[in-house]
Amino acid sequence: MTSPFLYFAGARLSGPELCAARLDGHVVELGEGWIPADAVETTALRAASLQGLLGDTLAATHLSAAWVHGALAEPPARHTVQRAVARRIHQVIDRRLIYRDLRVSPDDVMLLGGVKVTDPVRTLADCARTPDDAHTIAARLMADADPGLVGRATAWLEAHGPLPRKRSALALLAGLEARAQAVEVDMMRKGGGDGVASAVDATASVEEVRTPDYDVVTR
C-alpha cells in the first residue's frame with residue numbers, strides 16, 4: 001500500500017499541481033515522487049518513491065540502494081536495479097534505469113516501503129566492487145554511518161568465491177576499516193598529533209586501493 005505521505009504525478013494530483021505545490025512550499029521531491037515539505041524523510045519513503053520504476057520484479061542496488069539506506073543525500077540520476085525474481089524479464093526497461101539481468105539472491109534483499117532493496121551488507125559490497133569515485137564515496141559514507149558494516153561486507157565477499165573486482169573491493173574495505181580504527185584512536189587521544197597522522201594515512205590508503213584486478217566471474 002502506497003504511503004499517504006507520498007504523491008505521484010497523475011495519481012491524487014497532476015504533475016502541474018505538484019509543481020505548483022512545490023513552488024508554494026507545500027511539497028518537495030523525493031526520488032520519483034513528492035512528499036509534504038514537513039514530512040520526515042525515511043528509508044521506507046525513499047524506497048516507496050521508486051515503486052513505479054521497480055514494481056515487484058526489480059530490486060534497487062548499488063548507488064540507488066545506498067540512497068535508500070540514507071548514505072547519500074540525493075538519488076542517482078539513473079537508478080541501478082537488478083532482477084529480483086526467478087523468471088526472466090522481457091518488458092522494455094525504463095531508460096531511467098541501469099539494469100542488470102542476473103538475479104540478485106533473495107538472501108541479499110529486504111523489503112522497504114513495499115519495494116525490494118539490497119540490504120546494507122550487499123549494498124556496501126557492491127559499491128566497493130564498482131571502480132569509480134561515486135561508488136567509493138558511497139562505500140565510505142556507509143562505513144562511516146555503521147563501522148561494523150565493513151566487517152560484514154568483507155565476510156560476504158570472502159564467502160562468495162570469485163567475483164569481479166573482489167580483490168580491490170577487499171582492499172578498499174580494509175582501508176575503510178583502518179580509517180575507522182585510526183579515527184577511534186584519534187578520538188581516544190583527544191586530538192593528539194599521532195592520531196591525526198594515522199587518520200590521514202588511513203584515509204590516503206583508501207584512495208590508493210583502486211587498482212585493477214582480473215577476476216572475471218560475474219554475479
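Select Thr154 first: leaving aside residues up to four places away in sequence, it touches Leu170 and Leu173.

**Stop 1**

Thr154 belongs to helix H7, which covers residues 148-158. Its relative accessible area is 18%, and because the cut-off for buried is under 20%, Thr154 counts as buried. Ala174 is 20 residues from Thr154 in sequence, and the C-alpha to C-alpha distance is 8.3 Å.

**Stop 2**

Follow the chain from H7 to helix H8, residues 166-188, and stop in the loop between them, at Arg165. Check its backbone angle: phi is positive, about 60°, although Arg165 is not a glycine. Most residues other than glycine have a negative phi. Is the residue buried, partly exposed or exposed? Arg165 has 34% relative accessibility and so counts as partly exposed.

**Stop 3: His62**

Select His62 next, for another backbone angle of this kind. His62 is not a glycine, yet its phi is positive, about 50°. The residue is in helix H4, which runs over residues 62-68. With a relative accessibility of 6%, His62 is buried.

**Stop 4: the open sheet**

Which order do the strands of the open sheet follow? The sheet has 5 strands, in the order E5-E4-E3-E7-E6, and their pairing is mixed. Strand E5 (97-100) and strand E6 (109-112) are the edges; each has a single partner strand, so one side of each lacks a neighbour in the sheet. Ignoring direction, neighbouring strands here are turned by 40° against each other on average.

Zoom in on strands E3 and E7. Strand E3 (residues 58-60) and strand E7 (residues 115-118) run parallel and are joined by 2 bridges. For a pair to display, pick Ala60, which stands opposite Val117 in E7.

**Stop 5: helices H5 and H6**

To see the contact, show side chains on both helices. From H5, display Pro120, Thr123, Leu124, Cys127 and Ala128; these meet His135, Ala138, Ala139 and Met142 of H6. Sorted by class, this contact has 7 nonpolar residues, 2 polar ones and no charged ones.

**Stop 6: the whole chain**

Clear the selection and show everything. The protein chain contains 9 helices and 7 strands. It has 219 residues, of which 42% count as buried. Among contacts with a separation of 6 or more, 55% are between residues 24 or more positions apart.

Finish by colouring by pLDDT. The chain has a mean pLDDT of 83, and 83% of its residues reach 70 or more. Which stretch has a pLDDT below 50? Residues 194-219 do, and in the model this stretch has 56 contacts beyond near neighbours in sequence. Where pLDDT is low, the predicted coordinates should not be read in detail.

Key:
Residues numbered from 1 in each chain as written. Predicted model: local features only at pLDDT ≥ 70, side-chain atom pairs only at ≥ 80, totals over all residues. Heavy atoms only, no water. Pairing = 2+ DSSP bridges. Helix = DSSP H or I, 4+ residues; strand = E, 2+ residues; numbered from the N terminus. Axes fitted to C-alpha atoms, helices over the stretch in contact; angles between N-to-C directions. pLDDT = per-residue confidence, 0-100. Contact = heavy atoms within 4.5 Å. Nonpolar A, V, L, I, M, F, W, Y, C, P; charged D, E, K, R; others polar. Buried < 20%, exposed > 50% of the residue type's maximum accessible area, 1.4 Å probe, protein only.
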